[in-house]
Amino acid sequence: VVVGLLVTVFPNPVKPKNSFLWGFTTSAVGSLCLAASYPFSELVFQLGASHRPAEEMACFLGSVFNVVIFSVWTAVYTVPRWNEAVYEPIINDKFYPSVPWAWASYLLYGLMVGLHSLSFWKSVYKLGTVPTAVSKGAQQAGCFIFAHIFFCHIDDKECIDNNNGSGLWSRMQKGVACLMCCLGVVVYALGKSRASPVADGEKQGLGQVPLVA
């Protein structure tokens with residue numbers, strides 16, 4: 001996934017508006033937190049082996065924590081900048097400026113996030129963190145493909161053969177990135193099929209080794 005995403009930024013990197021170091025640091029910390037969420041989520045089930053929480057309860061408690069953090073951020077940062085950060089981008093949208101549609105889209109997005117979170121916890125419980133993390137590769141590849149299918153005719157920036165450039169490499173970047181993501185999933189699947197099976201006791205609930213890398 002990392003290689004697939006990096007392919008899309010050379011030689012067209014994202015230019016920071018302010019400090020490159022600050023942007024790089026926050027991006028690195030965010031990536032670390034995302035990677036750490038996998039072993040920590042499995043640890044929730046391992047530490048409570050005798051009273052293992054249900055996937056639904058783990059999902060609910062995790063969601064409550066995220067809602068609190070998000071609400072604090074919204075109250076402190078977004079609300080004071082509501083017009084410039086929320087309202088004006090909706091009204092100035094060149095495709096379909098509509099506040100009701102924005103609310104509907106936001107609610108639908110929240111529903112999808114909830115389904116994604118529940119799927120994540122169920123996958124960690126039944127499969128382990130490694131297959132769940134690697135499945136992100138297939139998910140990332142799907143972002144390129146479905147963005148092209150559903151949005152290319154509306155915004156050419158979403159097309160798989162357009163990466164903000166006119167050269168051959170710019171037209172190939174997203175396709176190559178998608179291929180790299182798929183290749184990572186295939187390599188893992190082939191390697192996993194040759195791996196020795198885990199003990200029967202480990203297959204109950206958590207069937208894989210925790211993700212540490």
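Visitor: Which residues does a disulfide join here?

Guide: A disulfide is a covalent bond between the sulfur atoms of two cysteines. The criterion is a pair of cysteine sulfur atoms within 2.5 Å. In this predicted model, Cys152 is joined to Cys159, with S to S at 1.9 Å. The structure holds one disulfide. The link of Cys152 and Cys159 is right-handed, with 90° about the S-S bond.

Visitor: Is Cys159 buried or exposed?

Guide: Buried means under 20% relative accessible area, exposed over 50%, partly exposed in between (1.4 Å probe, protein chains only). Cys159 counts as buried because its relative accessibility is 7%. Cys59 is buried too, at 8%. Cys143, at 43%, is partly exposed.

Visitor: How much space lies in the largest pocket?

Guide: About 1300 Å³. A pocket is an open set of points on a 1 Å grid over the protein atoms alone, where a 1.4 Å probe fits, with protein on both sides within 12 Å along at least five of seven lines. The volume is the space filled by probe spheres set on the points.

Visitor: Which residues lie nearest its centre?

Guide: Gly62, Ser63, Asn66, Val113 and Ser117, out of 28 lining residues; lining means an atom within 4 Å of a point. α2 (20–47), α3 (55–78) and α5 (99–127) each give two or more residues. The largest share, ten residues, comes from α5. Helices are DSSP runs (H or I, at least four residues), numbered from the N terminus.

Visitor: What are the ground rules?

Guide: Residues are numbered from 1 along each chain, and side-chain values use heavy atoms, without hydrogens and water. Local features need pLDDT of at least 70, side-chain atom pairs count only at pLDDT 80 or more, and totals for chains, interfaces and linings use all residues.
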